[in-house]
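Please examine the sequence and the structure shown below. The paragraphs that follow lead through them step by step.

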Amino acid sequence: MADALDEARAALDHDDVPVGAVVVRLTDATVLARRHNEREHAADPTAHAEILALRDAAEKLGRWRLEGCALVVTLEPCPMCAGAALAARIPVLAFGAPDPKAGACGSLYNLAVDPRLNHQIELHDGIRADDARDLLQEFFARRR
């Protein structure tokens, strides 16, 4: 989570919401990809940290199935990002702060464990949640 928090801080350099994501190989904890939100920077509504990290990890591994990897994110993924993690066959997802307005891994929805889908994800929430929440609150306080 420390790497994801570092990535979240990097988003501040271009006035993006400070969310960071890391894809890690489960067998040896090798970081395969690390990204932060770039929606403002890239003028791309899909440039969420999770989407970018999943793309980079898939490219590095040369396959779209990211079995054997964990996605670590500072903020609970939205429906798009939770869906991307499911599509990538991510088996483990860890996140920091819950997102009561858009969270799709327990807050509003729980796509990760929906039995109607063809894949479920093991969730670990609340990891360094205070650090992630503080970063987000400081960002939005400055914008008001």
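Phe-140 is partly exposed, with a relative accessible area of 34%, whereas Phe-139 is buried at 2%. Here buried means under 20% relative accessible area, exposed means over 50%, and partly exposed lies in between (1.4 Å probe, protein chains only). This is a predicted model, in which local features need pLDDT of at least 70 and side-chain atom pairs count only at pLDDT 80 or more, while totals for chains, interfaces and linings use all residues. Residues are numbered from 1 along each chain as its sequence is written, and side-chain values use heavy atoms, with hydrogens and water left out.

A pair of aromatic rings is described by the distance of the centres and the angle of the planes. Rings of Phe, Tyr and Trp (its six-membered ring) pair if their centres lie within 6.5 Å; planes under 30 degrees apart count as stacked, over 60 as edge-to-face and the rest as tilted. By this rule there is 1 aromatic pair. Phe-139 and Phe-140 form an edge-to-face pair, 5.0 Å centre to centre with 80 degrees between the planes.

Attention now turns to the sheet. Strands (E, at least two residues) and helices (H or I, at least four) are DSSP runs, numbered from the N terminus. Two strands pair if DSSP finds at least two bridges between them. The open sheet has 5 strands in the order E2-E1-E3-E4-E5, with mixed pairing. Its edge strands are E2 and E5 (122–124), each of which pairs on one side only.

Strand E1 (residues 20–25) has 5 of its 6 residues buried, so it is largely enclosed by the rest of the structure. E1 runs antiparallel to E2 (residues 31–36), to which 5 bridges join it; Val-24 stands opposite Val-31 in E2. The hairpin of E1 and E2 has 5 residues between the strands, and Ala-29 there takes a positive phi near 60 degrees. E1 also pairs with E3 (residues 69–75) in the antiparallel sense over 5 bridges, and Val-23 has Leu-71 as its bridge partner in E3.

Which residues touch the most other members of the largest nonpolar core? Such a core is a set of buried Ala, Val, Leu, Ile, Met, Phe, Trp, Tyr and Cys residues joined through side-chain atoms within 4.5 Å. Of its 42 residues, Val-19, Val-23, Leu-54, Leu-66, Leu-71, Ile-90 and Leu-93 touch the most other members. The elements that give two or more residues to this core include E1, E2, E3 and helix H3 (49–61). H3 provides the largest share, 6 residues.
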